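Me: I'm about to look at a new model. Can you walk me through it?
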Amino acid sequence: MDRDDEQLLRGRVYGADHDYPGPRPDRRYVELVGGPLDGLLLDITGWTQDQVGAGVALSTELGQFGIGGRALYNPRPGDPDRWDWTGDTP
C-alpha cells in the first residue's frame with residue numbers, strides 16, 4: 001500500500017458502503033491505529049463493554065496473510081477512542 005492508498009483510507013469507516021464511506025453522527029466509532037487498517041474508523045455502536053474490551057479480528061486482504069487474513073486490534077489503555085494493531089492472523 002502506498003501513501004495515496006493510506007490517505008484514501010483515513011476517515012473512512014471499516015466495512016462501510018463505498019458510496020457513503022464516512023462516519024454518521026448517530027454512531028460511535030473508534031480509530032484503528034497502525035497495521036493494515038490504520039486510519040479507518042470502526043463502528044462500535046451498540047457493543048457491550050465486554051465486546052469492546054475483547055478487541056477485534058477484522059477481515060482484510062491488506063495484511064500479512066492476504067485474502068482471508070485478519071488484522072487484530074485492541075483498545076488502547078487510557079484512550080478508549082483509539083485501538084492499536086497487535087498483529088495479523090490467517
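Me: Where does Glu61 lie?
Reply: Glu61 sits in the loop between strand E3 (56–59) and strand E4 (70–76). Strands (E, at least two residues) and helices (H or I, at least four) are DSSP runs, numbered from the N terminus. This is a predicted model, where local features need pLDDT of at least 70, side-chain atom pairs count only at pLDDT 80 or more, and totals for chains, interfaces and linings use all residues. Residues are numbered from 1 along each chain as its sequence is written, and side-chain values use heavy atoms, with hydrogens and water left out.

Me: Glu61: buried or exposed?
Reply: Glu61 has 57% relative accessibility, so it counts as exposed. The scale is relative accessible area: buried is under 20%, exposed is over 50%, partly exposed is in between (1.4 Å probe, protein chains only).

Me: What does Glu61 touch?
Reply: Gly66 and Ile67, leaving aside residues up to four places away in sequence. Contact here means heavy atoms within 4.5 Å.

Me: How far is Glu61 from Ala71?
Reply: Their C-alpha atoms are separated by 9.2 Å. Along the chain they are 10 residues apart.

Me: And Thr60, buried or exposed?
Reply: Thr60 counts as buried, because its relative accessibility is 9%. Thr60 is also in the loop between E3 and E4.

Me: Which residues does Thr60 touch?
Reply: Not counting residues up to four places away in sequence, Thr60 touches Pro36, Leu37, Gly66, Gly69, Arg70 and Ala71.

Me: New topic. What order do the strands have in the sheet?
Reply: The order is E2-E1-E5-E4-E3, in an open sheet of five strands with mixed pairing. E2 and E3 stand at the edges with a single partner strand each, so one side of each has no neighbour in the sheet. Two strands pair if DSSP finds at least two bridges between them.

Me: How many bridges join E3 and E4?
Reply: Four, in the antiparallel sense. Ala57 stands opposite Leu72 in E4.

Me: What about E1?
Reply: E1 covers residues 29–33, and four of its five residues are buried, so it is largely enclosed by the rest of the structure. Three bridges join E1 to E2 (residues 41–43), antiparallel. Tyr29 faces Asp43 there. Another three join E1 to E5 (residues 79–89), parallel. Leu32 has Trp83 as its bridge partner in E5.

Me: Which element has the lowest mean pLDDT?
Reply: Helix H1 (residues 3–9), at 48, while E4 has the highest, 97. Over residues 4–8 the pLDDT is below 50, and this stretch has one contact beyond near neighbours in sequence. pLDDT is the predictor's confidence in each residue, from 0 to 100. Where it is low, the predicted coordinates should not be read in detail.
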